Amino acid sequence: MAVLGFILFFMGLLSVSASIQLTKNSTPLTFDEAFSRLYGDQNLMFLDEPGTCVQISLNEHSGSGFKSQKPYLYSLFSASIKLPANNYTAGVVVTFYTSNNEAFRDSHDEIDFEFLGHADGTNWVLQTNVYGNGSVSRGREERYELNWFDPTEDFHRYSILWTENWILFYVDDVAIREVKRVDGMRGDYPAKPMNLYATIWDGSGWATKGGKYKINYTYAPFSAQYSDLVINGCSISMDPTHQQQPDCLNAPRFVTNFNGLMPEEIQKMRDFRTKYMTYSYCHNPSRYPTPLPECTIDP
Ligand SMILES: *[C@@H]1O[C@H](CO)[C@@H](O)[C@H](O)[C@H]1NC(C)=O
Ligand SMILES: *[C@@H]1O[C@H](CO)[C@@H](O)[C@H](O)[C@H]1NC(C)=O
Ligand SMILES: *[C@@H]1O[C@H](CO)[C@@H](O)[C@H](O)[C@H]1NC(C)=O
């Protein structure tokens, strides 16, 4: 009995540390060592000297964005993000996502954090989504209230853990969503190398209450700040003349060997979802009369 108790206690310790150590041994990247500008150059600026804190802005002339220099096949992607504090941000979309749509136009993969602006002066909405191999007609959106802290006042950490068989979304190192690769997903599970992206843009057509509230540039500029950028996993060459063998030499074990969350983490995730989730594609019978195959794991 004592031995069992000890083992359970020990497992408890392990799972706690697993949930809080996601980025612990990862050195934040400077912009120049891992990223390049994507568009809206004039709206991208550095807020510190080595360039570990980047601000991108949206005004009536342009949005802005950056991307990782290299593609990755399975990695942890993480950033501390502070959202625009403007009193009205309807139509504004701030993103942190992985994609390969430049390399695979008709069969791209994507894993998204999208922050959707508000018309009422308060709540940003957080949306997550996954596409695989061009499955753009099968959105896997979920939305959550983002109001248990003020995402515009402080930096909070948002992380995507993408492994061969699991996709995890974390907010401040608490898992909020898991997608397990199941056979029925086929190509819908992202399995080709992707770059990391961060952007801010005008999504007036859909972002706030389905497009009911548009952007109002009287309130511009809208600025999002990213710091503590971490990519920890397997980089890969997109060059087709190279064998596509990911370099996982320095990848942490939770990327190469991830095998699901610990029970305590699952409990925290359930609590989060019960409290804050406002929409899931798994519970939308008018859109998916038969839920998509992976939905069965979280009924
Ligand atoms: C929001 O509105 C309040 C009250 O009008 C004002 O004091 C504050 O500066 C505004 N905040 C921003 C970021 O514009
Ligand atoms: C991905 O899409 C391409 C092009 O549509 C197709 O040829 C391929 O079989 C798909 N792969 C999977 C795993 O479904
Ligand atoms: C934009 O906001 C300003 C200030 O609140 C307001 O006067 C104006 O009517 C708004 N514009 C639109 C198109 O709603």
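Visitor: Which element gives the most to the lining of the second largest pocket?

Guide: Start by asking which elements supply lining residues. In this predicted model, strand S9 gives the most to that lining, with 4 residues.

Visitor: Which elements give two or more residues to the lining?

Guide: Strand S8 (124-131) and strand S9 (142-146) do.

Visitor: What is the volume of the second largest pocket?

Guide: The second largest pocket has a volume of about 400 Å³. It is lined by 20 residues. Closest to its centre are Gly-117, Val-125, Ala-207, Thr-208 and Lys-209.

Visitor: How many residues of each class are in the lining of the second largest pocket?

Guide: Sort the lining by class. Here 9 residues are nonpolar, 7 are polar and 4 are charged.

Visitor: Where is the place of Glu-110?

Guide: Look for the element that holds the residue. Glu-110 is in strand S7, residues 110-116.

Visitor: Is Glu-110 buried or exposed?

Guide: Compare its relative accessibility with the cut-off. Buried means under 20%. Glu-110 has 13% relative accessibility, so it counts as buried.

Visitor: And the ligand. Which residues surround ligand 1?

Guide: Ala-85, Asn-86 and Asn-87 surround ligand 1. Next, ask how much of its area the protein covers. Taken alone, ligand 1 exposes 360 Å², and the protein buries 24% of that.

Conventions: Residues numbered from 1 in each chain as written. Chains lettered and ligands numbered in written order. Predicted model: local features only at pLDDT ≥ 70, side-chain atom pairs only at ≥ 80, totals over all residues. Heavy atoms only, no water. Near = heavy atom within 4 Å. Areas by Shrake-Rupley, 256 points an atom, 1.4 Å probe, with all protein chains shown as cover. 1 Å grid on protein atoms, 1.4 Å probe; cavity = no way out; pocket = protein on both sides within 12 Å on 5 of 7 lines; lining within 4 Å. Points joined across faces, edges and corners; volume = space filled by probe spheres on them. Nonpolar A, V, L, I, M, F, W, Y, C, P; charged D, E, K, R; others polar. Buried < 20%, exposed > 50% of the residue type's maximum accessible area, 1.4 Å probe, protein only.
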